Protein chains: 2
Amino acid sequence: MKPDLDLSLYLVLDPDLCGGEEGMVATAVAAVAGGVTMVQLRAPKWKKRQWVSAALALKAALGPIPLIINDHIDVALLVDAAGVHVGQQDIAPEMARQLIGPHKLLGLSTSNAAHLAAVPLDIVDYIGVGPVFATGTKLDASPVIGLAEFAKLMQAKAIPAVAIGGIGLGRVAALRAAGADGVAVVSAICGQADPQQAAQALRLEGADV
Amino acid sequence: MKPDLDLSLYLVLDPDLCGGEEGMVATAVAAVAGGVTMVQLRAPKWKKRQWVSAALALKAALGPIPLIINDHIDVALLVDAAGVHVGQQDIAPEMARQLIGPHKLLGLSTSNAAHLAAVPLDIVDYIGVGPVFATGTKLDASPVIGLAEFAKLMQAKAIPAVAIGGIGLGRVAALRAAGADGVAVVSAICGQADPQQAAQALRLEGADV
């Protein structure tokens, strides 16, 4: 059965910001206690043996919270992750679905109206939309969308969408009001002194809408 | 059924040296006409959509010559490649075999006696051993082994082995004499003016032993 999809607060783990594998597991556990609803492992600089190790550790630590693997479907299959997230230059959604079967979540990164129009709605479970604001945590990010354009994209969307890119406290309510089903964050939790409290504050702001 | 294993002349394609996807396909076709027995796609800088595209083009062009995918088992599964090659920091051989099943070739990179002793012989089909000589085509290569140490490793091996690292014309016969079942080359074919002739010359030198 496919895991429930709750995009409310989606943590994308970054090993550089989170203190490597151990730091990522500790951060993820604290953040889930603070209200994070999904966790993605994203470590583009890592070799895959480390991906597998971290993914197994995260899966064991996260319990029922879905663990999503960025890009590497082989790793996701090996650790029986809850799902996979692919970008526009990664394995195409149709092929990704072919590999993961019908019971795993599939997310797709989108950055503009053309991307949104091309999403195969029967194959993809949710889209990431961004970067809404400028971000330093993804080196190959697309051009910044901005809040006004993001709101337009949300009106056009036909699938659950999580906002991503430069999101922190003070920006969540506006994104939810614009139609986002949730927000994805990296540095707003990873590397914060108290990840649990940081997650709680982000959840609270999202709940205000 | 598992493809036949003939390591005699193993071409590792490098998109930088071969002129991208198109150049790699043209090079591989010419090299196979010159006697290359296996072809590996290795493009660590590429995103996976390009991997899939190149792998499909190579598979269509190569006919019965086995196409091996470096590192990315998801790509290998998608294109139904003949096999997968993993390094010491990639997905572990036992896990790789679990993903690819019993009918695909599995290669493993090794660099020293400890690596050789740890090879799971019932799981791996062949090993790469190197770098035997200094190479500029793999940035994260292990320390150079040298011919004398390579010969020792060949005496200890219990599985087919292909020599790799800095191999070109004039070095093949000594490596075969030392016990290599074949040689793997990158720049000795990729980027050569006449890849077919380059492959022929390498095959001829190997056949002298």
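**View 1. Strands E3 and E4 of chain A sit side by side in a parallel pair.** In this predicted model, E3(A) covers residues 67-70 and E4(A) covers residues 83-86, and three bridges join the two strands. To find your bearings, look for A:Asn70, which stands opposite A:His85 in E4(A). Strands of a sheet pair through backbone hydrogen bonds, in either a parallel or an antiparallel arrangement.

**View 2. Eight strands of chain A close into a barrel.** Going around, the order is E1-E2-E3-E4-E5-E6-E7-E8, with parallel pairing. On average, neighbouring strands of this sheet are turned by 25° against each other, direction ignored.

**View 3. Helix H3 of chain A lies across strands E1, E2 and E3.** Here you can follow H3(A), residues 48-62, over E1 (9-13), E2 (38-41) and E3 of chain A. The helix runs at about 165° to E3(A).

**View 4. Helices H2 and H9 of chain A pack together at an angle of about 40°.** Their axes are 7 Å apart, with H2(A) spanning residues 20-33 and H9(A) spanning residues 195-207. That angle makes H2(A) oblique to H9(A), and the crossing is right-handed. On the H2(A) side, the contact is made by A:Thr27, A:Ala30, A:Ala31 and A:Ala33; A:Pro195, A:Gln196 and A:Ala199 meet them from H9(A). Sorted by class, the contact of H2(A) with H9(A) has five nonpolar, two polar and no charged residues.

**View 5. A disulfide links A:Cys18 to A:Cys190.** The two sulfur atoms are 1.9 Å apart, and the link is left-handed, with -80° about the S-S bond. A:Cys18 lies in helix H1 (residues 15-18) of chain A and A:Cys190 in the loop between strand E8 (182-185) and H9 of chain A, so the pair ties together parts that are 172 residues apart in sequence. Over all chains, a search of the whole structure finds two disulfides.

**View 6. In chain B, helices H2 and H3 cross at roughly 25°.** The axes of H2(B), residues 20-33, and H3(B), residues 48-62, come within 10 Å. Because angles under 35 degrees count as roughly parallel, H2(B) and H3(B) are roughly parallel to each other. Their crossing is right-handed. The contact of H2(B) with H3(B) contains ten nonpolar, two polar and one charged residues.

Definitions and conventions:
Residues numbered from 1 in each chain as written. Chains lettered and ligands numbered in written order. Predicted model: local features only at pLDDT ≥ 70, side-chain atom pairs only at ≥ 80, totals over all residues. Heavy atoms only, no water. Axes fitted to C-alpha atoms, helices over the stretch in contact; angles between N-to-C directions. Helix = DSSP H or I, 4+ residues; strand = E, 2+ residues; numbered from the N terminus. Parallel < 35°, antiparallel > 145°, perpendicular 65-115°, else oblique. Left-handed = near helix turned anticlockwise from the far one by under 90°. Nonpolar A, V, L, I, M, F, W, Y, C, P; charged D, E, K, R; others polar. Pairing = 2+ DSSP bridges. Contact = heavy atoms within 4.5 Å. Disulfide = S-S within 2.5 Å.
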